[in-house]
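Here's a quick tour for anyone meeting this structure for the first time.

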Amino acid sequence: MNPSSRDGYTEFRKLLKDKITQYEKSLYCASFLEALIRDVCISLVIDDLKKMTSSLTVVHSEKRKQSKAREKIDVIPGGALEATMKDDLADYGGHGGGYIQD
């Protein structure tokens, strides 16, 4: 593919994204992307590089917000924390309701 118009570059971007995201669960994908982005951006002028940095910062901030939202503890109105009791002895077959015998 040899893009020469805005639409051509849009199609090229979609094809690259589809190809690269096939491997996003790979152990090596993050370091590959880091090196690829660095190599591609090295020739950019400062203003374009600043735009790239801003875009990545926005993506990072959104991911961080999503992560924190998932970790949030459910709070009951009035400020109390919602908790559930668990019988730890149930994991060991219960306690049988009686005393431990020798």
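In which helix does Gly8 lie? Gly8 belongs to helix H1, which covers residues 6-21. Keep in mind that this is a predicted model. From that glycine, the notes below move on to the cysteines and then to the charged pairs.

**Gly8 and its surroundings**

- Is Gly8 buried or exposed? Its relative accessibility is 16%, so Gly8 counts as buried, the cut-off being under 20%.
- Leaving aside residues up to four places away in sequence, Gly8 touches Met1 and Pro3.

**Cysteines**

- How many disulfides turn up in a search of the whole structure? The search finds zero.
- For background, a disulfide is a covalent bond joining the sulfur atoms of two cysteines.
- Cys29 has 8% relative accessibility, so it counts as buried.
- Cys41 is buried too, because its relative accessibility is 9%.

**Salt bridges**

- Which residue does Glu34 form a salt bridge with? The partner is Arg38, and the closest N and O atoms are 3.8 Å apart.
- Both Glu34 and Arg38 sit in helix H2 (residues 29-41), where four residues, or about one turn of the helix, separate them.
- Glu34 has a relative accessible area of 51%, so it is exposed, the cut-off being over 50%.
- Arg38, at 45% relative accessibility, counts as partly exposed.

**Pairs in helix H3**

- Asp48 and Lys51 meet through their side chains in a salt bridge, at 3.9 Å from N to O.
- Why are Asp48 and Lys51 separated by about one helical turn? It's because they are three residues apart in helix H3 (residues 46-71).
- Asp48 counts as partly exposed at 33% relative accessibility, while Lys51 is exposed, with a relative accessible area of 57%.
- Further along the numbering, the side chains of Glu62 and Lys65 form a salt bridge, with 3.7 Å from N to O.
- Glu62 and Lys65 are three residues apart in helix H3, so about one helical turn separates them.
- Of this pair, Glu62 is partly exposed at 39% relative accessibility, and Lys65 is exposed, with a relative accessible area of 54%.

Methods: Residues numbered from 1 in each chain as written. Predicted model: local features only at pLDDT ≥ 70, side-chain atom pairs only at ≥ 80, totals over all residues. Heavy atoms only, no water. Helix = DSSP H or I, 4+ residues; strand = E, 2+ residues; numbered from the N terminus. Buried < 20%, exposed > 50% of the residue type's maximum accessible area, 1.4 Å probe, protein only. Contact = heavy atoms within 4.5 Å. Disulfide = S-S within 2.5 Å. Salt bridge = Lys/Arg side-chain N within 4 Å of Asp/Glu carboxyl O.
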